[in-house]
Structure formats: C-alpha cells, structure tokens
Amino acid sequence: MHYDGLGALALLAEIPQDLSRDNADVAAIARMAGSPDDLETLDAYCTTGSLRRAADLLHLHHSSVARRLDHIGTTLGIGLTEPAGLVRARLALTAWRLHGD
C-alpha cells in the first residue's frame, strides 16, 4: 500500500499506532491475518464492493465467497453486506495494513 495513493485515508496514519491497534475492528483484522484465505476474501470484497466481482477476482463461485463473507462478518462482528459495515471493514483493513504488522 502506497501512502500517496491513500488520499483521505492517509489520515489514518496520523492516529497513534497503539490507539489504532486497540480498536476492536483493527484488532479483529489482526487476528484474522492468521487465516490468509479469509484475509484475501475480505480484501477482494473491500476492493470491489461486490460479492460477484470479488468471486471473479478470487476465481471462486459467488456462493463460496458469500459463505466466507458470512463467516468473516460473524468473526469481525460487522455486517459486511451493509454499506456502513463495508466502510468499517475497509477502514480497519487499511489501518491494519498501515501498521505493517
């Protein structure tokens, strides 16, 4: 992730890392990092904003991606199919990546 390409999301880099790491959403993403398939699925969904486009990107059937996203959403405690949930997941994923952990 390149800082110059973040735009307004670069403001997340201004938040102290300890404060960001303690955020429940960011901490949940950090725990999920141990499951590369889940992290890849969440990343594809956050990137595309679409279940079917994420499935195409991952070369999986959309029902497989839907099952993964249901599991991920439950794990994160975020309704990923709702606009606010998608924004939360995107912000948490970006903040986690900015840590470089």
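How exposed is leucine 91? At 34% relative accessibility, leucine 91 counts as partly exposed, where buried means under 20% relative accessible area, exposed over 50%, and partly exposed in between (1.4 Å probe, protein chains only). Keep in mind that this is a predicted model, where local features need pLDDT of at least 70, side-chain atom pairs count only at pLDDT 80 or more, and totals for chains, interfaces and linings use all residues. Residues are numbered from 1 along each chain as its sequence is written, and side-chain values use heavy atoms, with hydrogens and water left out.

**View 1. Leucine 91 and a nonpolar surface patch.** Leucine 91 sits in helix 6; helices here are DSSP runs (H or I, at least four residues), numbered from the N terminus. Together with Leu9 and Val87, Leu91 makes a nonpolar surface patch of about 210 Å². Such patches take residues with over 30% relative accessible area and no salt bridge, and nonpolar side chains (Val, Leu, Ile, Met, Phe, Trp, Tyr) are joined within 5 Å. The areas come from the Shrake-Rupley method with a 1.4 Å probe.

**View 2. The largest pocket.** Rolling a probe the size of a water molecule over the atoms shows where empty space is left. The largest pocket holds about 160 Å³ of space, and its lining includes Leu12, Ile15, Leu19, Ser20, Asn23 and Val26, along with Leu91. Helix 1 (17-22), helix 2 (24-32) and helix 6 (83-99) each give two or more residues to this lining. Helix 6 supplies the largest share, four residues. By class, the lining has seven nonpolar, two polar and two charged residues. For the terms: a pocket is an open set of points on a 1 Å grid, where a 1.4 Å probe fits, with protein on both sides within 12 Å along at least five of seven lines, and lining residues have an atom within 4 Å of a point. The volume is the space filled by probe spheres set on the points. Ala, Val, Leu, Ile, Met, Phe, Trp, Tyr, Cys and Pro count as nonpolar, Asp, Glu, Lys and Arg as charged, and the others, Gly among them, as polar.

**View 3. Arginine 88 with aspartate 25.** A search of the whole structure finds two salt bridges (a side-chain nitrogen of Lys or Arg within 4 Å of a carboxyl oxygen of Asp or Glu). In the one shown here, the closest N and O atoms of arginine 88 and aspartate 25 are 2.7 Å apart. The pair links distant parts of the chain, with arginine 88 in helix 6 and aspartate 25 in helix 2, 63 residues apart. Arginine 88 is partly exposed at 36%, while aspartate 25 is buried at 13%. Both residues also belong to the lining of the largest pocket.

**View 4. Arginine 97 with aspartate 43.** Here the side chains meet in a salt bridge of 3.2 Å, N to O. Arginine 97 lies in helix 6 and aspartate 43 in helix 3 (residues 36-48), so the pair ties together parts that are 54 residues apart in sequence. Arginine 97 is partly exposed at 30%, and aspartate 43 is partly exposed at 25%.

**View 5. Histidine 59 in its loop.** Look between helix 4 (51-58) and helix 5 (62-76) to find histidine 59. Its phi is near 60°, a positive value in a residue other than glycine. Histidine 59 counts as exposed, at 72% relative accessibility.

Methods
Patches are made of residues with over 30% relative accessible area and no salt bridge: like charges are joined within 9 Å, nonpolar side chains (Val, Leu, Ile, Met, Phe, Trp, Tyr) within 5 Å.
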